[in-house]
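Please open the model in a viewer and colour it by secondary structure. The tour below moves from the whole chain to its sheet, and then to a single residue.

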Amino acid sequence: MAVSYGGGVQSTALLVLAARREIPYRTFLFANTGDDSEDPRTLNYVRHIAARYAAKHGIDLHILDRRTRIGELETLWGRMMRRDSRSMPIPIRMSNGKPGMRSCTTDFKVKVIGKWLRFHGASVDNPATVGIGISLDEISRATNRRTEPYERIRYPLLDLGLRRTDCIEIIRDAGLLVPNKSACFFCPLKSRESWAKMHRDRPQLFGKACHLEEMLNIRRRMQHKDPVFLTGAGRPLREAITRAQDELPIDVGCDSGWCMT
Ligand code: SF4
């Protein structure tokens with residue numbers, strides 16, 4: 001029995017509920033897409049706030065990396081940056097703004113957690129119960145999630161009838177900082193406002209995302225393929241988001257559609 005911990009608001013609320021013994025989970029699993037891929041704020045939160053809180057309350061919080069067949073660490077950024085890579089694992093956007101197919105969630109989240117569960121005894125005959133942090137206001141995500149044969153998915157926040165605002169209150173009541181939205185810093189499913197906020201507040205990280213987009217397009221050009229983008233604007237990130245600066249609201253709500261296992 002484990003919670004798939006995403007490091008965001010909903011799954012951190014589950015951590016607090018587990019610490020208060022209001023839900024029966026004692027194991028939390030965070031699949032790290034890579035120290036060079038996850039949003040640094042998420043990694044910082046998981047390692048320095050959530051992990052300490054979990055330890056204090058007797059909960060095992062494991063940070064899991066993806067390993068290749070020969071045991072080497074593989075990160076999502078590393079996979080895309082490999083010189084010989086033809087892989088486009090992230091939901092990159094085409095000129096029409098629509099995101100393409102992705103394999104990143106499956107490879108770097110679902111499979112990593114699945115491997116841990118199976119190593120610890122989960123099987124088709126003995127499926128693990130996996131708690132997912134989805135709140136009432138994003139209930140459609142619960143019906144969209146594929147279930148693997150070695151797991152039985154549960155949604156404790158839905159069972160308790162909790163919304164995102166309730167989760168924030170639960171986290172604050174525990175004396176914890178409310179985490180930022182968790183995702184890879186270059187995730188193309190991020191809203192335009194979130195990109196603009198990154199451009200304003202974390203220009204270095206924004207520059208790194210621009211570099212990724214440029215590098216992917218150099219490779220696409222060599223393959224005689226159309227350009228791709230990290231936003232739905234149909235033009236390069238640097239250009240699309242500079243133009244959005246004036247429209248930037250004071251604060252940004254959460255995006256829907258980011259992957260959290
Ligand atoms: S956050 Fe985005 S880029 Fe990262 S694994 Fe999920 S869908 Fe892929």
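Of the 261 residues in the chain, 36% are buried; a residue counts as buried if 20 or more other C-beta atoms lie within 10 Å of its own, as exposed if 12 or fewer do, and as partly exposed in between, with C-beta atoms placed from the backbone. This is a predicted model, in which local features need pLDDT of at least 70 and side-chain atom pairs count only at pLDDT 80 or more, while totals for chains, interfaces and linings use all residues. Residues are numbered from 1 along each chain as its sequence is written.

**The whole chain**

Display the C-alpha trace, which spans about 55 × 45 × 30 Å along its principal axes. The chain holds 10 helices and five strands, taken as DSSP runs (H or I, at least four residues, for helices; E, at least two, for strands) and numbered from the N terminus. The radius of gyration is 19 Å, close to the 18 Å that the globule rule gives for 261 residues, so the chain is as compact as a globular protein of that length. That radius is taken over C-alpha atoms, and the rule is 2.2 Å times the number of residues to the power 0.38.

Next, colour by pLDDT, the predictor's confidence in each residue, from 0 to 100. The chain averages 90, and 92% of the residues score at least 70. Select residues 248-258: pLDDT stays under 50 there, and the model has 21 contacts beyond four places in sequence for this stretch. Two residues are in contact if their C-beta atoms, placed from the backbone, lie within 7 Å.

**The sheet**

Select the five strands, which form an open parallel sheet in the order S3-S2-S1-S4-S5. Two strands pair if DSSP finds at least two bridges between them. At the edges are S3 (60-65) and S5 (151-154), each pairing on one side only. From one strand to the next the twist averages 30 degrees; axes are lines fitted to C-alpha atoms, for helices over the stretch in contact, and angles run from 0 to 180 degrees between N-to-C directions.

Now centre on S2 (residues 27-32), which pairs with S3 in the parallel sense over six bridges. Threonine 27 stands opposite aspartate 60 in S3, and alanine 31 has leucine 64 in S3 as its bridge partner. Together, S2, H2 and S3 make a right-handed β-α-β unit; right-handed here means that, with the strands pointing away from the viewer, the path from the first strand over the helix to the second runs clockwise.

Which residues of S2 are buried on each side? Thr27, Leu29 and Ala31 are buried on one side, and Phe28, Phe30 and Asn32 on the other.

Move to S1 (residues 2-4), which pairs with S2 in the parallel sense over two bridges. Serine 4 has leucine 29 in S2 as its bridge partner. The chain crosses from S1 to S2 through helix H1 (residues 9-19), in a right-handed β-α-β crossover.

**Leucine 237**

Finally, select leucine 237, in helix H10 (residues 237-244). This leucine counts as buried because 24 C-beta neighbours lie inside 10 Å. Leaving aside neighbours within four places in sequence, leucine 237 is in contact with Trp195, Ala209, Cys210, Glu213, Phe229, Leu230 and Thr231. A distance of 9.8 Å separates the C-alpha atoms of leucine 237 and alanine 196, which are 41 residues apart along the chain.
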